[in-house]
Amino acid sequence: MARELAASTLERYRKRLEEERERLTEVITEIEEEREEVRLSETSSDRSPDPNTAEGGSLAFELEKELSLAENARDLLAKAEEALIRIDDGTYGDCDACGEPIPVARLDALPYAKQCVECAASRR
Ligand SMILES: [Zn+2]
């Protein structure tokens, strides 16, 4: 509670987080549509991709890459949503581990950060 962020500052972060949420939702939708297409094209042919052939191997690799992209995007999306909730309940900008205010420079770089640099670093 050591710091009150100005309403205009909070609005700025809210805007960024909302844009980020929109962008990530699009990314996830795109990846899911693409995976669905791959799945449909696989079931329409009577052979499943064989990881031992170059074609099957690279397909599996592509799917894996997209899966981790989607996971990453979902993770960030959850963080952005959490941050938006914290803006609403007035806890945004305070470290959830030590309670100290997170420096504005950190929030500017990572608007969904919920811990100060020290606490985020000591968690690993
Ligand atoms: Zn902290």
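Mentor: Helices (H or I, at least four residues) and strands (E, at least two) are DSSP runs, numbered from the N terminus. This is a predicted model, in which local features need pLDDT of at least 70 and side-chain atom pairs count only at pLDDT 80 or more, while totals for chains, interfaces and linings use all residues. Residues are numbered from 1 along each chain as its sequence is written.

Trainee: In which helix is E118 found?

Mentor: E118 is found in helix 4, which covers residues 117-122. The secondary structure comes to four helices and zero strands, in the order α-α-α-α from the N terminus.

Trainee: What makes E118 count as exposed?

Mentor: A residue is buried if 20 or more other C-beta atoms lie within 10 Å of its own, exposed if 12 or fewer, and partly exposed in between, with C-beta atoms placed from the backbone. E118 has 12 C-beta neighbours inside 10 Å, so E118 is exposed.

Trainee: Why is T25 called partly exposed?

Mentor: T25 has 14 other C-beta atoms within 10 Å, and therefore T25 is partly exposed. T25 lies in helix 1. Between T25 and R74 there are 8.1 Å, C-alpha to C-alpha, although they are 49 residues apart in sequence.

Trainee: What makes a set of residues a nonpolar core?

Mentor: A nonpolar core is a set of buried Ala, Val, Leu, Ile, Met, Phe, Trp, Tyr and Cys residues joined through C-beta atoms within 7 Å. The largest one here has 10 residues: Y13, L17, L24, A80, A83, Y92, I102, L107, Y112 and C116. Helix 1 (7-44) and helix 2 (54-89) are the elements that give two or more residues to this core, and helix 1 gives the most, with three. Buried residues make up 10% of the 124 residues in the protein.

Trainee: With which residues is A80 in contact, leaving aside neighbours within four places in sequence?

Mentor: Two residues are in contact if their C-beta atoms, placed from the backbone, lie within 7 Å. By that test A80 is in contact with L17, E20, R21, L24 and Y112. Of the contacts between residues at least 6 apart in sequence, 60% join residues at least 24 apart.

Trainee: Where is confidence lowest, and where is it highest?

Mentor: Confidence is given as pLDDT, the predictor's confidence in each residue, from 0 to 100. Helix 2 has the lowest mean, 88, and helix 3 (residues 104-109) the highest, 94. The protein averages 88, and 86% of the residues score at least 70.
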